[in-house]
Amino acid sequence: GKVDPPKYISPMYIGRSRGIQGNKNSCYLDATLYAMFAFTNTMDYMLSTPVDGPVNQTIQKKLRESVVNPLRECGFVGAGHMKTLRDLLSRSSTLAGWRTRRRSRRSC
């Protein structure tokens, strides 16, 4: 299902254990997903537009059900969900190699 973004920022979204919990060096992905989905529905078409291939369908479902919906309902997404999403992204043929490419050594 679809969970709409909140209409205002409540205390549920402020403080410890809020937002998206990082997994290793995932702050770039965490911050991007938070900006795209936490308080706006502008990018929601990505959650329901048909995609090709079983891996991409699984990525879309995981993004919707384990990241976006909990973020909007509870204000928090655990690191385990982000690790699973990153692992799925690395299996997508359209994104092959994105996790293994050399990035800045600077951590978040």
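Tyr-13 counts as buried, at 9% relative accessibility, where buried means under 20% relative accessible area, exposed means over 50% and partly exposed lies in between, with a 1.4 Å probe and protein chains only. This is a predicted model, in which local features need pLDDT of at least 70 and side-chain atom pairs count only at pLDDT 80 or more, while totals for chains, interfaces and linings use all residues. Residues are numbered from 1 along each chain as its sequence is written, and side-chain values use heavy atoms, with hydrogens and water left out.

When residues up to four places away in sequence are not counted, Tyr-13 touches Pro-6, Arg-18, Phe-39, Leu-71, Arg-72, Glu-73 and Gly-75, a contact being heavy atoms within 4.5 Å. Tyr-8 also lies in the segment before E1, but Tyr-8 is exposed, with a relative accessible area of 61%. The C-alpha atoms of Tyr-8 and Phe-39 are 8.0 Å apart in space, and these residues are 31 residues apart in sequence. Ser-17 is found in the segment before strand E1 (19–20) as well. Most residues other than glycine have a negative phi. Ser-17, however, has a positive phi of about 55° although it is not a glycine.

The chain contains four helices and two strands, which run β-α-α-α-β-α from the N terminus on; helices (H or I, at least four residues) and strands (E, at least two) are DSSP runs, numbered from the N terminus. Of the 108 residues in the chain, 37% are buried. Among the contacts with a separation of 6 or more, 66% are accounted for by residues 24 or more positions apart.

Two packed helices are described by the angle between their axes and the distance between the axes. Axes are lines fitted to C-alpha atoms, for helices over the stretch in contact, and angles run from 0 to 180 degrees between N-to-C directions. The axes of helix H1 (residues 27–37) and helix H3 (residues 54–74) come within 10 Å and cross at roughly 65°. H1 and H3 are therefore roughly perpendicular to each other, given that angles under 35 degrees count as roughly parallel, over 145 as roughly antiparallel, 65 to 115 as roughly perpendicular and the rest as oblique. The contact is made by Leu-33, Tyr-34 and Phe-37 of H1 together with Leu-63, Val-67, Val-68, Leu-71 and Arg-72 of H3. By class, this contact of H1 with H3 has seven nonpolar, no polar and one charged residues, where Ala, Val, Leu, Ile, Met, Phe, Trp, Tyr, Cys and Pro count as nonpolar, Asp, Glu, Lys and Arg as charged, and the others, Gly among them, as polar.

The axes of H1 and H4 come within 11 Å and cross at roughly 100°, and H1 and H4 are therefore roughly perpendicular to each other. Tyr-28, Leu-29, Asp-30 and Leu-33 of H1 meet Met-82, Leu-85, Arg-86 and Leu-89 of H4 in this contact, whose residues divide into six nonpolar, no polar and two charged. For H3 and H4, the axes come within 9 Å and cross at roughly 165°, and that makes H3 roughly antiparallel to H4. The contact of H3 with H4 has eight nonpolar, four polar and two charged residues.

The largest nonpolar core has 17 residues, of which Ile-20, Leu-33, Phe-37, Leu-63, Val-67, Met-82 and Leu-85 touch the most other members; such a core is a set of buried Ala, Val, Leu, Ile, Met, Phe, Trp, Tyr and Cys residues joined through side-chain atoms within 4.5 Å. The elements that give two or more residues to this core are H1, H3 and helix H4 (79–91), and the largest share, five residues, comes from H3. Leu-63, which is found in helix H3, counts as buried at 11% relative accessibility. Leu-63 and Leu-85 are 22 residues apart in sequence, and their C-alpha atoms are 7.0 Å apart in space.
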